[in-house]
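Welcome! Have the sequence and the 3D view ready, and take your time with each part of this short tour.

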Amino acid sequence: MSDTATIEFEGKKYDFPVIMGTENELAIDVKTLRGTTGMVTIDPGYKNTGSCESAITFLDGEKGILRYRGYAIEDLAEKADFLEVAYLLIFGELPNSEQLSKFHTDIKTESHVDEEMKKILDGFPKSAHPMGVLSSLTSALVAFNPSSVDVSSEEAMYNSIVRILAKFPVLVAWTMRKKMGLPLDYGDDSLGYVENIHKMMFKRPNKEYAKDTIAIDALDKLLILHADHEQNCSTSTVRIVGSSHAGLFASLSAGISALWGPLHGGANQAVLEMLQAIQDDGGDTKKYMAKAKDKDDPFRLMGFGHRVYKNFDPRARIIKKSADQVLGALGIEDPILKIAKGLEKEALEDQYFVDRKLYPNVDFYSGIIYRALGIPVDMFTVMFALGRLPGWIAQWREMRLRKEPIGRPRQIYIGENHRAFLPLKKR
Ligand code: ACO
């Protein structure tokens with residue numbers, strides 16, 4: 001293989017190094033492009049642009065492969081728990097029991113959230129979208145933990161990381177409880193990480209909390225499946241905000257906002273609303289398939305298609321199986337699951353979807369499980385954020401440790417050329 005790529009422009013040739021990743025992915029390194037040629041590349045949506053080298057997550061969209069730090073997502077979802085996966089993503093190796101226990105203890109030490117944060121939450125109307133609330137509360141955490149911004153030492157970085165892993169689930173639970181009119185509570189440090197999250201979210205004021213193993217295991221698996229997905233919109237946001245040396249919490253707050261959009265994490269809410277609308281409309285999936293294919297209709301089949309996967313999203317396979325298991329174990333028959341399966345079958349056999357390689361993505365079935373667990377629809381994307389937290393942290397940490405430069409793309413200006421200023425009276 002040649003280790004350079006040549007660009008020829010106006011009779012001159014310029015060589016650029018070709019770099020190869022550990023999975024043989026190739027890239028042309030254009031770091032010196034502008035300096036040597038005076039040109040930049042243009043690539044809206046970054047469809048062909050690698051923004052960084054990363055050792056965290058590998059995905060092959062053509063083959064439908066997803067691995068965290070080299071481990072197959074199927075193995076991790078089956079055999080690991082969320083806290084182990086968080087450790088793996090952030091620090092690069094699966095923890096031994098001592099490392100895991102220390103990590104969990106360090107997190108528990110930070111599990112309180114300042115009482116004054118409740119006043120901020122109080123300021124939001126009950127109707128506020130939980131993603132907006134969560135993003136604001138995450139940003140507000142900076143004010144209560146100012147030392148988390150300066151991460152010039154490894155120790156300071158570690159402290160910021162365990163602090164947010166401890167406090168973020170409290171914010172998630174508070175966001176949901178406010179919505180549901182339940183009193184705000186703290187967790188219970190004697191419980192496992194995900195069990196504690198479940199308790200913080202669902203504990204009723206007048207009832208003893210009863211451990212629900214089916215729900216906790218389902219939640220654990222969903223969180224693992226969402227934990228990282230390399231340079232997607234929200235992760236790239238976290239990296240780029242963090243590259244200005246804004247602290248971890250501020251970077252995460254920006255990532256939460258990016259995740260909110262219906263083309264990204266917000267799709268899980270949009271999927272359930274779409275499935276509900278189809279059911280309310282008599283369950284005619286063919287009508288909605290036709291709408292999705294009609295170029296004059298803005299409707300898209302939510303939960304279908306992916307920028308990178310041109311094959312089955314491996315997470316969707318696992319979640320579909322899990323939806324069957326969880327609903328079966330909880331004794332729930334959700335007509336929406338039937339509609340989802342019908343839509344999937346039709347889409348996979350439809351030429352429009354086949355030609356464009358549109359397959360169900362992670363969001364297509366996740367909402368059905370969230371709903372079965374009793375999570376309100378507008379909290380679905382918050383659950384995604386909770387799962388994605390370790391991935392965002394890992395990517396932010398990697399970016400800081402690699403001392404990446406501030407993210408600052410170029411543009412091609414297509415506006416007016418220089419013109420003379422006209423005073424107001426003459427316009
Ligand atoms: N329904 C109908 N048509 C679709 C869909 C869909 N869900 N997704 C893509 N297409 C069509 C487009 O209209 C386009 O058709 P054309 O070539 O005839 O113009 C073609 O497929 C390619 O689509 P793009 O939008 O160019 O693909 P892109 O990579 O930019 O977008 C995206 C990917 C945003 C995920 C898109 O597939 C989509 O909007 N899906 C629905 C929303 C969704 O489920 N988002 C969650 C993604 S997973 C995640 O973020 C966690």
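## Buried, exposed or in between

Buried means under 20% relative accessible area, exposed means over 50%, and partly exposed covers what lies in between, using a 1.4 Å probe and protein chains only. His-245 is partly exposed because its relative accessible area is 45%. Lys-403, at 72%, is exposed.

This is a predicted model, in which local features need pLDDT of at least 70, side-chain atom pairs count only at pLDDT 80 or more, and totals for chains, interfaces and linings use all residues. Residues are numbered from 1 along each chain as its sequence is written, and side-chain values use heavy atoms, with hydrogens and water left out.

## Two residues with positive phi

Most residues other than glycine have a negative phi. His-245 has a positive phi, near 70°, and sits in the loop between helix H10 (233-242) and helix H11 (248-260). Here helices (H or I, at least four residues) and strands (E, at least two) are DSSP runs, numbered from the N terminus.

Lys-403 also has a positive phi, near 50°. Look for Lys-403 in the segment after helix H18 (380-401).

## A hairpin and an open sheet

Strands of a sheet pair through backbone hydrogen bonds, either parallel or antiparallel. In this report, two strands pair if DSSP finds at least two bridges between them. Strand S1 (residues 4-9) and strand S2 (residues 12-20) run antiparallel and are joined by 6 bridges. Ala-5 has Phe-16 in S2 as its bridge partner. The hairpin of S1 and S2 has 2 residues between the strands, and Glu-10 takes a positive phi near 45° there.

What is the order of strands in the open sheet of 3 strands? The order is S4-S5-S6, and the pairing is antiparallel. Strand S4 (57-60) and strand S6 (71-72) are the edge strands, each pairing on one side only. S4 is joined to strand S5 (residues 65-68) by 4 bridges, and Phe-58 has Arg-67 in S5 as its bridge partner.

## Around the ligand

How many residues surround the ligand? There are 22, and the closest are Arg-300, Leu-301, Gly-303, Arg-307 and Tyr-352. A residue is near a molecule or strand if one of its heavy atoms lies within 4 Å of it.

Several N and O atoms of the protein face polar atoms of the ligand. A side-chain N or O atom of Arg-300 is 2.7 Å from an oxygen atom of the ligand, and a backbone N or O atom of Gly-303 is 2.8 Å from a ligand oxygen. A polar backbone atom of Phe-304 lies 2.9 Å from a nitrogen atom of the ligand. Taken alone, the ligand exposes 920 Å², and the protein buries 77% of that. Accessible areas come from the Shrake-Rupley method with a 1.4 Å probe; for residues, only the protein chains shown count as cover.

Is Gln-269 buried or exposed? Gln-269 counts as buried because its relative accessibility is 14%. This residue, Gln-269, belongs to helix H12 (residues 267-280). Its side chain makes a polar contact of 3.0 Å with the side chain of His-129. A polar contact is a pair of N or O atoms within 3.5 Å; within protein, one must be able to donate a hydrogen and the other to accept it, and residues adjacent in sequence count only if both atoms are side-chain atoms.
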